[in-house]
Amino acid sequence: MSLRALWIISPEKGEHASIRFSRRFATVELRAKRLAGSSYVAVPEDDCFLQLLLTELGLSGSKQPFVVKRDDCLYRPRSPAVELHVTGAGKGTLWPVLAISQAPLILACLPLVDASPEQRPPLSSLLSVSQGLSFLAGLQTFLLAPGSKQDGEGLVSRLALLPSVLLQVCPLGTPLELPLSGTLATPSAPTSAGIQKQPAWRTGLHRGRAVVNVSVAETVRSMQYGNRSRQDLWDVYGTVACKCEVEGVLPNVTVTLSLPPNGSPLQDILVHPCVTSLDSSVLTASSVDSCDGSAFSGPYKFPFSPPLEPFILCSYTSQVPVPPILGSYQLKEEESQLHVSVVLKLHESVKNSFEYCEAHLPFYNRDQMGVVDVKVSSGQLDVSKEKNLLVWALGQKFPKSREVTMEGKILFSGTAPGPSEPLCTGLTAYIKLYFKVPDTTLSGCSVDQHSVQVYSSAKPRIVTSRELHSKDYRIWNSTGTAPVSSGQMIL
Amino acid sequence: MASGWVERVSAFCGSPSRFLCGTSSEVFLAELLRELRDDRANYNVKVLLLSPLCEYPALLCPSDSVGEETALELMSIFAQSPPKFVHFRSQLLVALTCVLTCSPDASSRLRAFPDFLDLLLQLAQDTSDLHGDAAQRSLRATACDCLREMEVLYPGLLSQRLELLGALRHQETSRLHQAYAGLQTLVLRNVVYLLTGEKEAGAVHLKALLGGNESVGWEADQNLGAASGKNSTPLSSVILTPMGTIPTLHTGPDCKELRSVLSSLLEESYLFTPLSQAERLYRLTEVVAMVPAIPPTIFRAQLLRLLGTSEVSLLHTTLLMKSAFTDSLFSSEDEAFLLKRLVVLSQHPLLSAPEKLFYMDCILHFPENRPISCGDSDEALPVLLTPRLASALLPVVFNDSATLLARFNLLSLVYLEAGEEEDGRGLEYLYDHLTSLLRIVESGGKRESIVTLFRAAFLFLFHFHHVERYCDNLSQQLCQLYLQHTRFAPHLINLANQTQEKLPDSPWAFGLLKALQRVISQTPLSQVTRHDLSWHLKVLTRAAEEGEMSQHATLRFLSGVITPSSLSWSADWRLGNGILGVCRRLLVHPSLDSILIPLADVLQHLAGHYGDTDIRDHARLYYTLLTTLSREKLATVLAHHAEGGQQVKKRTLSCLMTEGEGLTSILTIHETEAAIFRLIETHWEQPEAEDLIQDETERGEADLETYRAQFGDAAFASQVTLKFLLTHTETRDARFDQLFSIRLHFSLTDDHYSELQDLSVPCLFRERPPPVVALTLKPKQPYPTSLHVSAIFTTQDGLTWHTTLPDIHVCFQQIFLPLPAPSSWGRTGRQAVFAGLWEEISGETEECASSLFCCRLEEEALSALVEKHFLPFLVSDPAHKDQFRVLLFLPPQSHVLLKISSEEDAVHFNIATDSWQLLPHINDYLLEITAS
């Protein structure tokens with residue numbers, strides 16, 4: 001459950017990668033040495049580690065087309081844990097090195113393997129691995145949290161804080177908690193010496209007006225093919241975010257999610273660890289199960305004691321009968337020009353009031369667009385600066401008919417070739433929709449203001465909100481071949 | 001000053017070995033401690049100064065005595081540091097923990113250990129901050145974590161404090177209760193673990209320890225504390241020990257005390273941060289696993305909360321609990337639920353890719369209640385994972401490559417398992433998926449997608465090599481891909497090699513190579529670019545290694561390539577080399593008899609007409625070999641030996657030319673396992689005492705100025721030459737008995753000397769007398785030093801080796817030189833210089849210093865000592881035994897002057913030097929020579 005070492009790396013352009021921070025935990029290393037006995041492999045120095053890790057992650061030597069060490073076809077799980085082969089003096093295999101990357105950083109650590117050295121235990125039997133993953137993710141959030149300063153500076157100042165943060169959250173290599181993003185956890189006013197124990201994850205006490213904020217945000221993804229042989233796909237998942245400013249050492253709050261009468265049950269519910277208890281029926285519905293009509297469909301009660309900072313109370317997925325916007329996209333190649341025809345229909349159950357709604361039509365592996373002779377029934381059409389993308393801004397509302405169309409011809413007569421994309425060759429092309437609808441959810445899931453219960457002396461102000469937005473919402477050209485996006489649907 | 005430290009500390013932590021080249025660990029440690037003691041230094045910098053001690057305690061304190069001193073020093077710094085610098089004090093506790101536990105000799109505890117333990121316990125109990133400064137609380141938290149780490153390293157260390165820790169946890173209402181709970185849980189786990197070895201007495205002891213009843217005198221410190229040190233078993237996880245070997249503590253049904261402690265810890269677990277909670281639960285799982293009297297159902301109340309969690313470490317703990325308790329805690333419904341949960345989590349849109357991959361690994365190692373296969377095969381699918389359930393994890397082209405391959409692997413296993421039951425659509429899907437990856441790569445994917453394609457192809461072949469229709473089709477598709485992108489040749493060769501190695505019975509690789517040979521030879525040469533051609537030759541070379549494969553097509557292709565009419569590209573050396581590479585493989589091909597004539601034609605044509613002389617020469621050589629040698633001889637001549645091959649053939653150009661395995665091993669520098677030879681000092685000879693010219697015959701003015709003027713030439717008297725014998729070490733290895741072209745490289749361990757020149761030794765034979773090596777040192781400061789030595793040499797078989805020699809130690813007296821006075825000067829002149837210098841040194845203060853060293857010596861012993869050690873440096877007349885005057889010159893420009901005289905009580909060594917830093921070394925030296 002401990003880490004032997006920790007690294008934070010800037011992988012800038014592969015060859016110029018550098019270690020921005022590293023920490024070795026000497027006492028854990030001592031344990032590693034005792035546990036592994038003669039098969040002990042010491043943690044190499046920073047430069048050596050960096051080279052080994054970059055090679056293993058396939059980030060080094062971008063100029064050479066094939067390097068056996070990096071590109072061997074033999075399959076080994078390379079994520080989330082890689083093995084590094086240390087050469088030279090202290091040679092041997094370093095395992096399991098966990099690495100997670102999110103631009104502009106790679107975070108890595110080496111968890112302690114607390115098992116006998118004879119046989120390598122499976123990754124999933126080492127608690128230190130999941131601990132390491134959580135800890136790295138926590139550090140990542142801390143380092144890359146959106147700050148007020150310019151991105152580069154924010155990172156530099158947070159890296160500078162890291163030694164003192166580690167002293168608090170992981171002084172000797174055993175992570176105790178995650179660093180709090182934003183400010184350093186300076187404990188606020190001393191807590192009253194009551195009988196109730198303060199949760200370790202609650203950094204202080206709130207004083208002042210009580211406010212509870214609950215917002216449900218749903219994301220809809222879709223792949224539409226406009227093809228009888230290929231079923232269209234869409235799915236919805238939601239998160240319930242809370243910010244609770246309430247008094248007390250261990251305040252009690254209950255949030256209830258409810259569905260409309262014939263709504264389909266919320267599935268795959270995951271809850272924040274501050275939820276005190278769960279009814280088993282809440283967890284029963286699963287997206288990988290055959291849905292049965294008698295399933296529990298709410299209300300879903302979540303009693304919890306909130307931390308001070310905003311948090312995700314729970315998340316769920318849902319199966320809704322129709323996609324919010326149904327589209328059809330047809331391209332026809334006519335000599336050097338493309339004939340484009342698009343129809344988008346907004347489903348009647350969805351509120352016709354968008355914060356924004358845009359359709360993007362990118363064209364790859366062609367020359368730049370020359371003459372664009374395209375008419376739209378509603379909204380506004382723009383050609384991107386790079387001349388490889390049509391942007392159709394639909395504004396806040398669909399027309400009364402709830403249907404918009406685009407029709408016309410594009411001549412690719414530009415002087416320079418446009419961008420390439422190996423997926424979209426020939427007539428394989430898509431429209432990507434970006435939209436956000438405030439105050440609605442597709443699953444119908446909602447939190448009623450009056451259903452939020454707070455057990456405290458002062459009556460709190462309760463704010464609830466809902467929103468729906470799209471992600472990966474694509475409509476494929478039905479005259480081309482579209483890539484498979486879910487095997488489950490094919491079989 | 002401060003910024004200098006920031007850089008130095010980060011340089012040290014980044015690469016201690018490089019940093020310590022410029023200084024020594026002793027010096028650096030001393031500097032760190034001095035700065036830490038300095039009251040004026042900024043505390044933020046001081047925090048930083050502790051990090052080398054936290055990260056590399058064993059490097060900075062290489063012996064117990066240094067560790068002891070450092071710890072005492074840090075303890076006193078802690079005692080003196082103002083309480084308001086909480087951060088510094090906390091870091092200091094961490095550093096102390098590291099220094100005290102990481103002493104090189106792990107079995108002995110340092111004497112400062114109990115004091116530090118007391119300090120930690122005192123800090124941990126000090127609740128005076130309750131209503132005061134919250135910052136102080138963090139010091140208490142750090143102290144608890146230090147105690148926790150010490151208990152981990154020395155299991156049982158705190159066993160007598162179990163009750164105290166329980167009480168502290170009970171009282172604490174601030175967030176700190178988590179730290180106490182962690183400590184209590186760990187100590188409890190260790191106590192139970194250690195008591196499992198105690199048979200019946202264990203239960204009584206446990207009761208006593210939990211109740212804090214010390215009168216039941218179980219000497220934990222002796223019994224438990226002793227278990228610490230080198231024994232690693234208490235450190236390993238109990239749950240990970242093989243089934244049936246979990247140590248158990250038989251308490252009988254009555255263990256109320258333990259049960260109540262466990263329930264109260266479990267009840268509060270909700271209040272801990274997820275990371276701590278997961279660890280606590282894991283430790284408690286270990287405890288319950290070791291005490292059969294406690295039913296696992298004690299965890300039941302926590303279970304639902306844990307099953308619904310979004311935290312990876314908490315769900316993981318639940319899985320580990322399941323693997324420890326199986327159906328005594330988890331029903332079959334729970335099991336089914338958990339597996340479905342893992343499938344959901346493995347593809348959940350809100351989780352990060354590493355988490356999802358981790359969950360997929362959990363599926364492959366799912367702890368089933370009743371596992372069917374008891375074999376310890378690495379990956380086994382749970383029975384409940386049906387193709388239907390697993391279909392949620394089918395790979396799609398939108399996946400990142402790690403996810404894609406993990407899913408591909410998982411689903412391959414699923415369909416392989418399902419076998420006949422499954423209607424083949426799953427397998428078809430996987431193959432289609434492989435095809436779409438191929439299409440993407442075909443239309444210009446990045447390097448990552450190319451590698452992913454070949455890995456996926458390998459996985460498919462590995463699992464389904466028996467399904468011919470897919471495998472044949474895959475070969476065809478790969479050939480088509482190759483024709484479009486010949487640069488994939490190394491990937492294809494790699495794929496062929498790996499499938500051949502991992503699936504020795506499968507003919508697939510052979511088929512692929514044959515198909516590649518066919519498509520290459522059928523391509524009209526007019527369409528082949530120079531770039532394609534070099535890849536084609538690589539593939540054909542690999543195909544020529546297949547003994548069973550007919551090589552006629554290859555030869556047709558080769559003769560086409562070298563025909564002038566088709567040769568639209570320049571006939572350069574590289575191309576010729578590529579062609580010769582194929583020919584060389586063909587020369588040793590089993591079917592040589594049937595291809596003899598066309599091969600001879602190709603070689604003859606190359607030898608006569610190729611545009612590069614070198615290629616012509618080698619083609620002629622091959623041609624001659626082919627036409628004059630018998631097959632057996634030819635095979636022997638060209639046989640490429642694997643690693644460590646014999647004799648001179650290694651170096652034949654035919655081998656170098658054609659990338660035989662010999663080439664790589666010849667061009668690689670091999671590393672020796674152990675030291676092969678070393679440098680031994682030749683018996684250290686003092687410089688000869690010169691026969692000084694007597695006074696009268698002296699020429700020239702002998703004074704200090706003339707003497708000093710000589711140093712105008714920077715090279716004057718700036719070097720010391722040491723002589724060594726180069727000899728083999730005792731380890732006998734026949735390969736290294738005769739070594740050639742040895743090049744010795746010396747690297748400095750500090751910056752007191754100028755960089756050293758490499759030295760060459762022509763040869764070293766074990767049976768011959770060792771060669772003498774003269775090493776010239778050029779000091780910047782004349783201090784003792786060590787040198788790292790490495791060497792590159794060649795063995796008889798032509799391989800090049802790199803080896804490391806034992807370090808050389810240069811001691812202080814080896815740097816002494818006699819006064820570099822002009823040779824014409826006699827004793828008087830030297831005495832004048834001595835007098836002049838002595839006067840200067842006594843008068844000046846800056847760099848100069850005088851000192852006195854006394855010891856008891858008989859008069860005769862003194863004469864003998866001077867004779868033995870100082871004769872070459874003696875300035876006074878050796879006959880004048882009342883006072884010896886000795887002048888030691890140390891390059892580049894330091895002097896040590898000694899006036900040695902016997903006084904009534906002792907011998908006095910009056911020392912004067914123009915470089916005060918030399919005093920400690922002189923003192924050590926005098927101590928050494930007068931002691932013997």
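I looked up A:Asp472 and found it partly exposed, because its relative accessibility is 30%. For these classes I take buried as under 20% relative accessible area, exposed as over 50% and partly exposed as in between, with a 1.4 Å probe and protein chains only. This is a predicted model, in which local features need pLDDT of at least 70 and side-chain atom pairs count only at pLDDT 80 or more, while totals for chains, interfaces and linings use all residues. Residues are numbered from 1 along each chain as its sequence is written, chains are lettered from A and ligands numbered from 1 in the order in which they are written, and side-chain values use heavy atoms, with hydrogens and water left out.

A:Asp472 is not a glycine, yet I read a positive phi of about 50 degrees there. I place A:Asp472 in strand 22 of chain A. Strands are DSSP runs of E with at least two residues, helices are runs of H or I with at least four, and both are numbered from the N terminus.

Strand 22 covers residues 461–476 of chain A and also holds A:Arg474. I count A:Arg474 as buried because its relative accessibility is 11%. I then listed the contacts of A:Arg474, leaving aside neighbours within four places in sequence: A:Ser222, A:Met223, A:Gln224, A:Tyr430, A:Ile431, A:Lys432 and, from chain B, B:Phe398. Contact here means heavy atoms within 4.5 Å.

**Another positive phi**

In chain B I noted B:Ser741, which has a positive phi of about 40 degrees although it is not a glycine. B:Ser741 sits in strand 4 of chain B, residues 738–748. With a relative accessible area of 48%, B:Ser741 is partly exposed.

**Cis peptide bonds**

I found a cis peptide bond from A:Ala103 to A:Pro104, with omega near 0 degrees. A:Pro104 is in the loop between strand 4 (92–102) and strand 5 (105–111) of chain A.

In chain B the bond from B:Pro891 to B:Pro892 is cis, with omega near 5 degrees. I located B:Pro892 in the loop between strand 10 (883–890) and strand 11 (894–902) of chain B.

**Salt bridges**

I required a side-chain nitrogen of Lys or Arg within 4 Å of a carboxyl oxygen of Asp or Glu. The count by this rule is 46 salt bridges over all chains.

In chain A I looked at A:Glu29 and A:Arg4, whose closest N and O atoms are 3.0 Å apart in a salt bridge. This pair links distant parts of the chain, with A:Glu29 in helix 1 (residues 26–36) and A:Arg4 in strand 1 (residues 3–10), 25 residues apart. Both A:Glu29 and A:Arg4 are buried.

In chain B, B:Arg585 and B:Glu545 form a salt bridge at 2.2 Å, N to O. I find B:Arg585 in helix 30 (residues 573–587) and B:Glu545 in the loop between helix 28 (530–543) and helix 29 (552–562), 40 residues apart. B:Arg585 is buried at 8% relative accessibility, whereas B:Glu545 is partly exposed at 43%.

I also checked B:Glu840 with B:Arg708, a salt bridge with closest N and O atoms 3.1 Å apart. B:Glu840 is in helix 37 (residues 827–843) and B:Arg708 in helix 36 (residues 704–709), so the pair ties together parts of chain B that are 132 residues apart in sequence. B:Glu840 is partly exposed at 28% relative accessibility, and B:Arg708 is partly exposed with a relative accessible area of 34%. Salt bridges with shared partners join A:Arg31, B:Asp145, B:Arg148 and B:Glu149 into one network.

**Whole chains**

For chain A I noted seven helices and 22 strands. Its C-alpha trace spans about 70 × 70 × 45 Å along the principal axes. Of the 491 residues of chain A, 53% are buried. Among chain A contacts between residues at least 6 apart in sequence, 73% join residues at least 24 apart.

For chain B I noted 39 helices and twelve strands. Of its 932 residues, 55% are buried. Among chain B contacts between residues at least 6 apart in sequence, 71% join residues at least 24 apart.
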